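Please read these notes with the model open beside you.

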Amino acid sequence: MKYKDVDSYILSSVPAAHPLLRKLRQIILKTIPDADESISYNVPFYKFDGVHVGFAAFKNHVTFGIGADVLSDEHKEQLEKNGYHTGKETVQIKYDQEVPTEYLRLLLEEKISKAKDIG
């Protein structure tokens, strides 16, 4: 299925994902109000200052893609200590977990700072 916008993506995901996806969207848009919201690679993407972040829903979790440039080993260690699984560029949030709002805001602010340094 091809999604025309973020709302349709969220609505077509498994119901357990809806609150987490809405929360991730809210965090991104509050932290980066001038981000261009779109669907890329058939998932929600937010582009700003030449970089992007995004999220996706899966069977048992959502994934927040922030990028390896800000998801350092220290950040991964802290997130994993709090029960979140991390990948090279992503944070997984299971449907029974709280979204780590403040930590994701911190990562987004680092992403903004790095993007401005490059640009």
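Leaving aside its neighbours within four places in sequence, which residues is Ser13 in contact with? Point 2 takes this up.

1. **Basis.** This is a predicted model; local features need pLDDT of at least 70, side-chain atom pairs count only at pLDDT 80 or more, and totals for chains, interfaces and linings use all residues. Residues are numbered from 1 along each chain as its sequence is written, and side-chain values use heavy atoms, with hydrogens and water left out.

2. **Ser13.** Beyond neighbours within four places in sequence, Ser13 is in contact with His18, Leu21 and Ala57. Contact means heavy atoms within 4.5 Å. Ser13 sits in the loop between helix 1 (6–12) and helix 2. Helices (H or I, at least four residues) and strands (E, at least two) are DSSP runs, numbered from the N terminus. Ser13 counts as buried, at 11% relative accessibility. The cut-offs are under 20% relative accessible area for buried, over 50% for exposed, and partly exposed in between (1.4 Å probe, protein chains only). Glu74 is 61 residues from Ser13 in sequence, and their C-alpha atoms are 31 Å apart.

3. **Helix 2.** The end C-alpha atoms of helix 2 are 20 Å apart, which agrees with the 20 Å that its 14 residues should span at 1.5 Å a residue. The expected span is 1.5 Å times one less than the number of residues. Buried residues of helix 2 include His18, Leu21, Arg25 and Thr31.

4. The whole structure holds four salt bridges. The term means a side-chain nitrogen of Lys or Arg within 4 Å of a carboxyl oxygen of Asp or Glu. Side chains of opposite charge can pair when their charged atoms come close. Glu37 pairs with Arg25, with the closest N and O atoms 2.8 Å apart. Glu37 lies in strand 1 (residues 36–40) and Arg25 in helix 2 (residues 18–31), so this pair ties together parts that are twelve residues apart in sequence. Arg25 is buried at 18% relative accessibility. Glu37 is partly exposed at 29%.

5. Lys111 forms a salt bridge with Asp69, the closest N and O atoms being 2.9 Å apart. That pair links distant parts of the chain: Lys111 is in helix 4 (residues 101–118), Asp69 is in the loop between strand 4 and helix 3 (73–81), and 42 residues separate them. Lys111 is buried, with a relative accessible area of 6%. Asp69 is partly exposed, at 38%. Arg105 forms a salt bridge with Glu102, with closest N and O atoms 2.7 Å apart. Both Arg105 and Glu102 lie in helix 4, three residues apart, about one turn of the helix. An α-helix has 3.6 residues a turn, so residues three or four places apart point the same way. Arg105 is partly exposed at 22% relative accessible area, and Glu102 is exposed at 56%. Salt bridges that share partners also join Asp7, Arg25 and Glu37 into one network.

6. **Ile112.** Ile112 also belongs to helix 4. Ile112 counts as buried at 15% relative accessibility. Apart from neighbours within four places in sequence, Ile112 is in contact with Thr31, Ile32 and Phe48. Thr31 is 81 residues away along the chain, yet the C-alpha atoms of Ile112 and Thr31 are separated by 9.3 Å.

7. **Backbone to check.** Tyr41 has a positive phi of about 55 degrees and is not a glycine. Asn42, also not a glycine, has a positive phi of about 65 degrees. Tyr41 is in the loop between strand 1 and strand 2, and Asn42 is in the loop between strand 1 and strand 2. Tyr41 is exposed at 77% relative accessibility; Asn42 is partly exposed at 29%.

8. **Largest pocket.** The largest pocket has a volume of about 230 Å³. Of its 15 lining residues, the closest to the centre are Phe45, His52, Gly54, Gly65 and Thr90. Strand 2 (43–48), strand 3 (51–57) and strand 4 (61–65) are the elements that each give two or more residues to the lining. Strand 3 gives the most, with five. On a 1 Å grid over the protein atoms alone, a pocket is an open set of points where a 1.4 Å probe fits, with protein on both sides within 12 Å along at least five of seven lines; lining residues have an atom within 4 Å of a point. Grid points are joined across faces, edges and corners, and the volume is the space filled by probe spheres set on the points.
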